[in-house]
Amino acid sequence: MSDALLQVSELTKHFPITSGFFSRPEAWVRAVDNINFEVHQGETLGVVGESGCGKTTLVNVLLNLIEPTAGQVIFDGIDLFGCSKKKLRELRQHLQIVFQDPFWSLNPRWLVKDIIGEPLKVHLDLKPGEFIKRVEELLEMVGLPDDAIYKSPHEFSGGQRQRIAIARALGINPKLLVLDEPTSAIDIFSQAQILELLKDLKKRLNLTYILISHDLSVVHHMSDKIMVMYLGEVVEYGPAEAIFNRPAHPYTKALLSAIPDINTESLDEISELEGNVPSAINPPIGCRFNTRCSEVMAVCMEKKPAVSDIGSGHTASCHLL
Ligand code: SF4
């Protein structure tokens with residue numbers, strides 16, 4: 001048994017590709033394959049990987065928007081896929097998401113009070129005065145003025161809209177927030193402010209985050225633990241400092257070497273990962289990274305690498321270890 005707030009075991013999601021009159025599956029998209037991780041109260045787990053690595057499917061399974069093919073998700077001690085619908089509705093109150101793009105995630109015809117207030121109406125029984133007070137409290141929490149309450153989303157910048165989305169997600173006191181690329185659709189100046197706001201809110205409200213990003217530097221800035229995904233699998237997992245300072249998997253090393261730092265003098269010094277992520281319908285045999293790995297060996301084409309324990313909760317899957 002674990003005291004983790006969220007415990008994910010052997011989670012797998014394969015989507016069938018069907019054809020013909022009987023819609024028989026012809027092939028399977030192996031979007032998420034046998035994933036294990038846990039998140040403790042007050043922690044931030046950063047999930048990083050290129051597009052096609054399975055991050056979005058993972059989020060959809062965690063939010064119970066799609067059923068897994070196999071595996072288990074225990075949230076706050078309750079099995080998400082084994083509990084009653086009533087219990088699931090209660091649990092979903094404590095599991096909220098902030099989407100990537102605040103331009104489509106907020107209803108343009110609603111006022112801010114309705115956008116932030118919708119979950120309050122669904123889940124809490126507040127009197128009109130209490131309702132407005134709570135919306136004002138949430139606006140203050142995310143650094144927006146009181147008079148934002150009667151405005152529409154189009155009157156705000158991208159960064160301010162993301163603040164509204166965060167206020168909406170916080171309204172019903174969730175235990176876990178999934179942040180799905182929360183800064184990738186907003187300008188560079190607002191990005192830093194939103195990340196600082198999220199860090200501050202986490203401390204003030206003892207929140208737990210799962211931060212999904214393709215950007216390892218954003219994930220490093222925010223996370224206690226990092227999970228690196230490639231083609232539906234976890235290739236490296238562990239404390240953020242260990243992964244950032246002592247990456248063990250060639251894919252993590254390649255992602256890190258693509259980040260410019262203070263000593264980078266020209267773009268030529270930044271090494272780019274070559275090629276594209278292969279199809280999840282026919283992933284490479286053996287190690288799934290073998291088509292792009294600069295350290296590939298014969299064994300990598302035949303045998304899937306086991307998970308190696310590097311110590312202090314740091315693991316990676318590579319034949320070099
Ligand atoms: Fe590269 Fe082989 Fe390690 Fe895969 S198992 S990351 S191909 S060295």
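Visitor: Among contacts between residues at least 6 apart in sequence, what share join residues at least 24 apart?

Guide: That share is 63%, where contact means heavy atoms within 4.5 Å. This is a predicted model, in which local features need pLDDT of at least 70 and side-chain atom pairs count only at pLDDT 80 or more, while totals for chains, interfaces and linings use all residues. Residues are numbered from 1 along each chain as its sequence is written, and side-chain values use heavy atoms, with hydrogens and water left out.

Visitor: How many helices and strands are there?

Guide: The protein has 10 helices and 12 strands, which are DSSP runs numbered from the N terminus (helices H or I, at least four residues; strands E, at least two).

Visitor: And which residues touch the most others in the largest nonpolar core?

Guide: Ile166 and Leu201 do, in a core of 54 residues. Such a core is a set of buried Ala, Val, Leu, Ile, Met, Phe, Trp, Tyr and Cys residues joined through side-chain atoms within 4.5 Å; buried means under 20% relative accessible area (1.4 Å probe, protein chains only). Helix 6 (residues 158–170) gives the most to this core, 6 residues.

Visitor: Why does this core lie between domain 1 and domain 2?

Guide: Because both domain 1 (6–19 + 26–94 + 174–317) and domain 2 (102–173) give residues to this core. The domain bounds come from an automatic or database domain assignment.

Visitor: What does leucine 201 contact, leaving aside neighbours within four places in sequence?

Guide: Its contacts are Met141, Val142, Ile166, Leu170, Asn206, Leu207 and Tyr209.

Visitor: New topic: what percentage of the 321 residues is buried?

Guide: Buried residues make up 47%.

Note on methods: Buried < 20%, exposed > 50% of the residue type's maximum accessible area, 1.4 Å probe, protein only.
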